[in-house]
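Please read these points with the model open beside them.

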Amino acid sequence: MKKLIIAFYSTFAMFFLRLRGLKISHFSYIGGHRHIKNPKKIRIGKNVRIHDHARISCYTDYQGMKLNPKIIIGDDVYINAYALITAAGAITIEDHVIFGSHVTILDENHGLNPMVPSYMDTKLEVSPVTI
């Protein structure tokens with residue numbers, strides 16, 4: 001019974017993520033307790049497994065600066081539990097990639113300027129990432 005409830009919940013959640021604009025191919029799976037920010041900016045290929053507690057985020061603005069992020073995940077990708085993928089620019093994960101648990105992938109950095117009182121006031125540095 002528990003497996004049936006989990007399967008129903010997962011199907012229901014995927015339906016709503018697709019309604020919010022997530023482009024995900026059939027035969028792909030995103031585990032429970034996940035956080036997906038700006039799903040319209042994310043494309044997931046075929047036969048992708050993203051396990052529980054993953055956080056996949058695209059940030060569209062920072063300190064008034066407009067950003068155009070995207071995350072593209074290819075086919076046959078396995079992302080283990082507690083992964084963090086955050087884009088302010090572009091992150092591309094090509095086909096046949098495997099990540100272990102607790103992996104973090106970022107394409108942005110706040111920078112460090114000792115003349116600025118807070119790191120949040122420094123310019124965001126963005127550079128594309130391809131794996």
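1. Two strands pair if DSSP finds at least two bridges between them. Strands here are DSSP runs of E with at least two residues, and helices are runs of H or I with at least four, numbered from the N terminus. The model is predicted: local features need pLDDT of at least 70, side-chain atom pairs count only at pLDDT 80 or more, and totals for chains, interfaces and linings use all residues. Residues are numbered from 1 along each chain as its sequence is written, and side-chain values use heavy atoms, leaving out hydrogens and water.

2. β9 and β12 pair in the parallel sense, over 4 bridges. Ile 71 has Ile 91 of β12 as its bridge partner. β12 also pairs in the parallel sense with β17 (residues 129-130), over 2 bridges. There, Val 129 of β17 stands opposite Ile 91.

3. A nonpolar core is a set of buried Ala, Val, Leu, Ile, Met, Phe, Trp, Tyr and Cys residues joined through side-chain atoms within 4.5 Å. The largest one has 25 residues, and Ile 44, Ile 50, Ile 71, Ile 73, Ile 79 and Ile 93 touch the most other members. Two or more residues each come from β4 (42-44), β6 (55-58), β9 (70-73), β11 (84-87) and β12 (90-93).

4. Contact means heavy atoms within 4.5 Å. Beyond four places in sequence, Ile 50 has contacts that include Tyr 29, Ile 44, Ile 73 and Ile 79.

5. Is Thr 86 buried or exposed? Buried means under 20% relative accessible area, exposed over 50%, partly exposed in between (1.4 Å probe, protein chains only). Thr 86 counts as buried because its relative accessibility is 7%. Thr 86 lies in β11. Not counting residues up to four places away in sequence, Thr 86 touches residues including Ser 57, Tyr 59 and Ile 91.
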